[in-house]
Amino acid sequence: MDFQLGPRPSPITAALALKGLHGVFSLYEGQYALALPDYPRSFPRLRVFAASREALDQLVTAIETHPGYADGLAKVGRFTYPKAVPEGFTGPWVSYRRYRIPSRKAERKAEGNMRLRRIQTADAAELPYFSLRSQSNGQTWRLYVEARPAATAEQAEPDAYGLATQSRPLALPRLP
C-alpha cells in the first residue's frame, strides 16, 4: 500500500509521514516493511509492505485512532488502495537499508572523522534521507536510506522504521 505525499511532496512532509508510520511500526514491530518506490528520487510516496491485507487494515486503523498520528498524516498525504504482490513474482528484489552514521560519541578518537566520512559518502552517493527529531533527547538526526539489489526474498524482520538492517537483511519486490 502506498502513502502518497501531496499536494507538494517534500523531504519535510516525508519525515512527518515516516514519524507517524514509525509510531505504528514500533507498536507492531516486524510486521511492516518500508520501500521507497521512486528511489533514488526523493519522496513523492512511501510504500508499506505487510504479510496480509488484515495487517494493512490494522495499520490504517491504528493511525486513524491515534490522535497524534492521524492529525499529522492526514495533513501530508493519503493511503492508496492496497495491492497484492503478483503470485510468483520473478522481478527484481531490493533491500532498503538504514545507512548507518555513527554518533559523535561513537568516534574511537577525540579527533576522529569517521562520522564525517560516512556523511560525505552518503551525500556523494545522493542517498535520500529523512530529517527526524528524537523524542527522547530532542536532537535532530538524519535517517539515510540505501537501496541495494537483492537476489531473492529473504525472510526477516524489519526494524521499527520498516527497514532492513545489517543483522536482519530483508528484500522487497521492486514494483512500479
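**Close-up views of a predicted model**

View 1. Arg-97 stands opposite Glu-146 in strand 7. The model shown here is predicted. Strand 5 covers residues 93–99, and strand 7 covers residues 140–150. The two strands pair in the antiparallel sense, over 7 bridges.

View 2. Arg-117 has its place in helix 4. Is Arg-117 buried, partly exposed or exposed? Arg-117 is partly exposed, because its relative accessible area is 45%, between the limits of 20% and 50%. Arg-117 and Ile-101 are 16 residues apart in sequence. In space, their C-alpha atoms are 9.1 Å apart.

View 3. An open sheet of 4 strands has the order 2-3-1-4, and its pairing is antiparallel. Strand 2 and strand 4 (77–79) are the edge strands. Each of them pairs on one side only. From one strand to the next, the twist averages 20°. Strand 2 and strand 3 pair in the antiparallel sense over 4 bridges. Which residue of strand 3 is the bridge partner of Leu-34? It is Val-48. Helix 1 packs on this sheet, where it touches strand 1, strand 2, strand 3 and strand 4. The direction of helix 1 makes about 15° with that of strand 3.

**View 4. Helix 1 against helix 2.** Helix 2 is made of residues 53–65. The axes of helix 1 and helix 2 come within 10 Å. They cross at roughly 115°. The crossing is right-handed. Which residues make the contact? From helix 1 come Leu-21, Val-24 and Phe-25. From helix 2 come Leu-59, Ala-62 and Ile-63. The residues of this contact divide into 6 nonpolar, no polar and no charged.

**View 5. Asp-38 in its loop.** Asp-38 is found in the loop between strand 2 and strand 3. Is Asp-38 buried or exposed? Asp-38 counts as buried, because its relative accessibility is 16%, and the cut-off for buried is under 20%. The side chain of Asp-38 makes a polar contact with the side chain of Arg-45, at 2.9 Å. Leaving aside residues up to four places away in sequence, Asp-38 touches Pro-44 and Arg-45.

**View 6. Two cis peptide bonds.** Most peptide bonds are trans. A cis peptide bond joins Gly-6 and Pro-7, with omega about 0°. Pro-7 has its place in the loop between strand 1 (2–5) and helix 1. A cis peptide bond also joins Tyr-39 and Pro-40. Here omega is about 10°. Where does Pro-40 lie? Pro-40 lies in the loop between strand 2 (32–35) and strand 3 (45–50). Pro-40 counts as exposed, because its relative accessibility is 53% and exposed means over 50%.

**View 7. Glu-126 and its positive phi.** Most residues other than glycine have a negative phi. Phi of Glu-126 is near 55°, a positive value in a residue other than glycine. Glu-126 is found in the loop between helix 4 and strand 6. Glu-126 is exposed, with a relative accessible area of 62%. How many residues apart in sequence are Pro-40 and Glu-126? They are 86 residues apart in sequence. In space, Pro-40 and Glu-126 are 7.6 Å apart, C-alpha to C-alpha.

Methods
Residues numbered from 1 in each chain as written. Predicted model: local features only at pLDDT ≥ 70, side-chain atom pairs only at ≥ 80, totals over all residues. Heavy atoms only, no water. Pairing = 2+ DSSP bridges. Buried < 20%, exposed > 50% of the residue type's maximum accessible area, 1.4 Å probe, protein only. Axes fitted to C-alpha atoms, helices over the stretch in contact; angles between N-to-C directions. Left-handed = near helix turned anticlockwise from the far one by under 90°. Contact = heavy atoms within 4.5 Å. Nonpolar A, V, L, I, M, F, W, Y, C, P; charged D, E, K, R; others polar. Polar contact = N/O pair within 3.5 Å; in protein donor to acceptor, adjacent residues only side chain to side chain.
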